[in-house]
Amino acid sequence: MADLKSTFLKVYSVLKEEPLQDPAFEFTDASRQWIERMLDYNVPGGKLNRGLSVIDSYRLLKEGKELTEDEIFLASVLGWCIEWLQAYFLVLDDIMDNSVTRRGQPCWFRVPKVGMIAVNDGVLLRNHIPRILKNHFKGKSYYVDLLDLFNEVEFQTASGQMIDLITTIEGEKDLSKYALSIHRRIVQYKTAYYSFYLPVACALVISGEDLDKHTVVKDILVQMGVYFQVQDDYLDCFGDPETIGKVGTDIEDFKCSWLVVKALELCNEEQNKLLHEAYGKPDPENVAKVKALYKELDFQGVFAKYESQSYAKLNASIEAHPSKSIQAVFKSFLGKIYKRQK
């Protein structure tokens, strides 16, 4: 894996040069330096799980056949396109959420002299993706399928972000508007498609597969994405900021988090009143009250039960899939996220 990661990072160094030398724009030294700094700050800094999953999945779909250097390179290019997409979402997401840190460093818009220039940087990151795809896939029979796939997943993710934002407006007026079905819908569109389905879909496309014949794959990966986001919601409150690389702000931000939705289901009248009064207030005292309520409701136990049930259900769906190579892809994903701490 370490070896794969270093190979993957070398491809970033190659791809980074493409937006810096794009013939469609006349760069000045200052603009080129800005883009390079912006890319290095936002694109390669995360765990790179989404990007590396394309290569992993492609290898598993090949059923043990050794990948050629060219195949590894092309899978890596698609992996980096997903990391570019992630960077674009996160740069803008952090502005919308008024976040402080990301990946253990200040959010890009918080960096001195960046500020709202970060909005345009997000737009640029998004525009780099089709240009990278064009440079490396234009002659391939599946080129249009890749463009369609990235466009569709971007649309789904942006729409998921919209539901998240407008649900928060509703929730601020009435916390009882939050429900598990709404949480699931937000998560499905905002996270699951681009984090779980997209890497596997990329691997299927370059393996010559027709995505329309793999709707079950999409369904299982979306289920996995929902489980992943519930873990994220849990870690936002109970995780160690040093380990997860960010300070959780879901309570202050009035997020439609799995924790608050579950709390609304479980709490008694008095607890419900406290939750309505304290949730979404930015001061530490109210945040502490909500966290204390979560502990009172034994959220560690509630989450542990959810995690084991989700794991069992996902395993049953995986075992039922007819393709052993696709089963191996699912198992690889599930193995990476089960009981994670960050």
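Me: Let's start with Phe254: is this residue buried or exposed?
Reply: Relative accessibility for Phe254 comes out at 9%. The model is predicted, so to speak of local features we need pLDDT of at least 70, side-chain atom pairs count only at pLDDT 80 or more, and totals for chains, interfaces and linings use all residues. Residues are numbered from 1 along each chain as its sequence is written, and side-chain values use heavy atoms, with hydrogens and water left out. The cut-offs are under 20% relative accessible area for buried, over 50% for exposed and partly exposed in between (1.4 Å probe, protein chains only), so at 9% Phe254 counts as buried.

Me: What is phi at Phe254?
Reply: Phe254 sits in the loop between α9 (241-244) and α10 (258-266). Those labels are DSSP runs numbered from the N terminus (helices are H or I, at least four residues; strands are E, at least two). Phe254 isn't a glycine, yet its phi is positive, at about 60°.

Me: Lys113 has a positive phi too, so to speak of its surroundings, is Lys113 buried or exposed?
Reply: Phi of Lys113 is near 75°, and this residue is not a glycine either. You'll find Lys113 in the loop between β2 (105-106) and α5. Its relative accessible area is 77%, which makes Lys113 exposed.

Me: How far apart are the end C-alpha atoms of α3?
Reply: Helix α3 covers residues 49-61, which is 13 residues. The expected span is 1.5 Å times one less than the number of residues. That gives 18 Å for α3, and the end C-alpha atoms agree, being apart by 18 Å.

Me: How many of the 13 residues of α3 are buried?
Reply: The buried ones are Arg50, Gly51, Leu52, Ser53, Val54, Ile55, Asp56, Ser57, Tyr58 and Leu61. Helix α3 is therefore largely enclosed by the rest of the structure, and the count of buried residues is 10.

Me: Which side chain makes a polar contact with the side chain of Ser195?
Reply: Ser195 is in helix α7 (residues 180-206) and is buried, at 4% relative accessibility. Leaving aside neighbours within four places in sequence, Ser195 is in contact (heavy atoms within 4.5 Å) with Arg50 and Phe333. A polar contact is a pair of N or O atoms within 3.5 Å; within protein, one must be able to donate a hydrogen and the other to accept it, and residues adjacent in sequence count only if both atoms are side-chain atoms. At 2.8 Å, the side-chain partner of Ser195 is Arg50.

Me: How many salt bridges are there between domain 1 and domain 2?
Reply: The domain assignment (automatic or from a database) gives domain 1 (1-139) and domain 2 (143-341). For a salt bridge, a side-chain nitrogen of Lys or Arg must be within 4 Å of a carboxyl oxygen of Asp or Glu. Glu154 and Arg126 meet in a salt bridge through their side chains, at 2.9 Å, N to O. Between domain 1 and domain 2 the count of salt bridges is three.

Me: Which element gives the largest share of the side of domain 1 that touches domain 2?
Reply: The rule finds seven residue pairs in polar contact across this interface, with both residues at pLDDT 80 or more. On the domain 1 side, at least two residues each come from α3, α4 (69-96), β1 (101-102) and α5 (117-137). The largest share, 10 residues, comes from α4.
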